[in-house]
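Please look through the model shown here before reading on.

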Amino acid sequence: MTTLLNLLLGIIPTLIPGASAAAGVEDDARHRRVFLLVYALWAFTLAGWNWLESAHAAWVVLWIVFGLVAIALRRYYRQP
């Protein structure tokens, strides 16, 4: 059950850019940076949830890594 929840909750934020595009929001660098920040916060939240639920350590590490990668990408997009 934990695996299914992790996969489902991990996919939800990736639908946001698609929904934004469908709504006609222009895709620019600021929009991508905000999405990466939200995704990083979501990944850290999932890592904490997995830790509190005593899920396998791999899930906690995976979400922490995804959060750090999202923050690194956000910083990369920020540079001119």
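In which hand does H1 pass H3 in their crossing? H1 passes H3 in a right-handed crossing, where right-handed means that the near helix is turned clockwise from the far one by less than a right angle, and left-handed means anticlockwise. The model is predicted: local features need pLDDT of at least 70, side-chain atom pairs count only at pLDDT 80 or more, and totals for chains, interfaces and linings use all residues. Residues are numbered from 1 along each chain as its sequence is written, and side-chain values use heavy atoms, with hydrogens and water left out.

The protein has four helices and zero strands, where helices (H or I, at least four residues) and strands (E, at least two) are DSSP runs numbered from the N terminus. Read from the N terminus on, the elements run α-α-α-α. Along the principal axes, the C-alpha atoms fill a box of roughly 40 × 30 × 15 Å.

Two packed helices are described by the angle between their axes and the distance between the axes. Helix H1 covers residues 2-11 and helix H3 covers residues 29-52; the two pack at an angle of about 165°, with their axes 11 Å apart. Axes here are lines fitted to C-alpha atoms, for helices over the stretch in contact, and angles run from 0 to 180 degrees between N-to-C directions. H1 and H3 are therefore roughly antiparallel to each other; the classes are roughly parallel under 35 degrees, roughly antiparallel over 145, roughly perpendicular from 65 to 115, and oblique for the rest.

H3 also packs with H4: their axes cross at roughly 165° and come within 8 Å. H3 and H4 are therefore roughly antiparallel to each other, and their crossing is left-handed.

Several residues of H3 can be followed one by one. Leu36 lies in helix H3 and counts as buried because its relative accessibility is 10%; buried means under 20% relative accessible area, exposed over 50%, and partly exposed in between, with a 1.4 Å probe and protein chains only. The C-alpha atoms of Leu36 and Pro13 are separated by 9.7 Å, although the two residues are 23 residues apart along the chain. Tyr39 is also placed in helix H3 and, at 12% relative accessibility, counts as buried. Between the C-alpha atoms of Tyr39 and Leu8, 31 residues apart along the chain, the separation is 14 Å. Trp49, in helix H3, counts as partly exposed because its relative accessibility is 27%. Trp49 and Leu5 are 44 residues apart in sequence and 11 Å apart in space, C-alpha to C-alpha. Over the protein, 22% of the 80 residues count as buried.

The loop between H3 and H4 holds Ser54. Ser54 has a positive phi of about 55°, although it is not a glycine. With a relative accessible area of 64%, Ser54 is exposed.

The last stop is the surface. Val61, Leu62, Val65, Phe66, Val69, Leu73, Tyr76 and Tyr77 make a nonpolar surface patch of about 700 Å². Patches are made of residues with over 30% relative accessible area and no salt bridge, joining like charges within 9 Å and nonpolar side chains (Val, Leu, Ile, Met, Phe, Trp, Tyr) within 5 Å. A salt bridge is a side-chain nitrogen of Lys or Arg within 4 Å of a carboxyl oxygen of Asp or Glu. Accessible areas come from the Shrake-Rupley method with a 1.4 Å probe, and for residues only the protein chains shown count as cover. Tyr76 lies in helix H4, residues 57-78, and counts as exposed because its relative accessibility is 59%.
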